[in-house]
Amino acid sequence: MHPTWSWLELILASFAAGVQNALAGGGSFLTFPALLFAGLDPRAANIASTIALFPGQVTTGLAGRADVAGSEGLSFRLLLWISLVGGAFGAVLLLVTPVSVFTRLVPYLVLFATVVFAWGSFLRKLPNNGTKPALDRHFAMVVQFCIAIYGGYFGGGIGILMLAALTATGLSVRVAGATKNVLAAVMNASAVAIFLVQSRALPWSLIACVAAPAIIGGQIGAHLLHRVNEKVLRIAIVCIGIALTVGLFVTK
């Protein structure tokens, strides 16, 4: 580990990651590079980030559970099971393949998700009663399964991807935000379980340093999710997506 100020930097990045995960996702884009700077290799940093952010995702999901819902023809229970299985599959994939493969895809995935969410928020006409949502039931299931696999493998930007997918199924941004928080915790639950069993010599001091402030930040983020004006929230999510995309392409 680097000097004392680096611990403070890691704590601040983790707190911001907790807030960001609750609002729009993408918190691992803060903790992953922070853990790299702390001296971990990319694979270890990815695993440590997933484990450390998991408790915050659970508490954030519980804080917003009253707003969790499925969409028409796609129950929340079904989304939960899809996320659980997909997350486990992605975690196994991470352990048997190089992490660099998905790392190279991340900027394009976040860019695509941001464009889709911006279109769904500001350009797409909202469907009238009785009309079908942009994503039908079966395609939405496939999309969520792919997101869950990616979430278990690397996870950066899964919140924005899920927001894009869930709002395209007809959910409001506030309900989609609460739902994606729970689904993120579910898909990471299976990944964390596999990492704990298969990974050796985990850096528990660094994991604890990330987990505690991320939990606090997640609670603040969940609080803001209930109180921020929905239009402002949509604009903020798009801005976060643009910032993540630019940052990822610059550092690619």
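Helix α2 and helix α3 cross in a right-handed way, meaning that the near helix is turned clockwise from the far one by less than a right angle. The contact, counted as heavy atoms within 4.5 Å, joins S28, T31, F32, L35 and L36 of α2 to P42, A45, N46, A48, S49 and L53 of α3. Helices here are DSSP runs of H or I with at least four residues, numbered from the N terminus. This is a predicted model, in which local features need pLDDT of at least 70 and side-chain atom pairs count only at pLDDT 80 or more, while totals for chains, interfaces and linings use all residues. Residues are numbered from 1 along each chain as its sequence is written, and side-chain values use heavy atoms, leaving out hydrogens and water.

Two packed helices are described by the angle between their axes and the distance between the axes. Axes are lines fitted to C-alpha atoms over the stretch in contact, and angles run from 0 to 180 degrees between N-to-C directions. For α2 (residues 28-37) and α3 (residues 42-63), the angle is about 130° and the axes are 9 Å apart. That makes α2 oblique to α3; angles under 35 degrees count as roughly parallel, over 145 as roughly antiparallel, 65 to 115 as roughly perpendicular and the rest as oblique.

Helix α7 (residues 158-168) packs on helix α8 (residues 173-198) at about 130°, with axes 9 Å apart. The two are therefore oblique, and their crossing is right-handed. Among the residues that meet are L163 and L166 in α7 and L183 and M187 in α8.

The axes of α4 (residues 76-96) and α6 (residues 137-153) come within 6 Å and cross at roughly 40°. This makes α4 oblique to α6. Their contact includes G86, G87 and G90 of α4 and A148 and G152 of α6.
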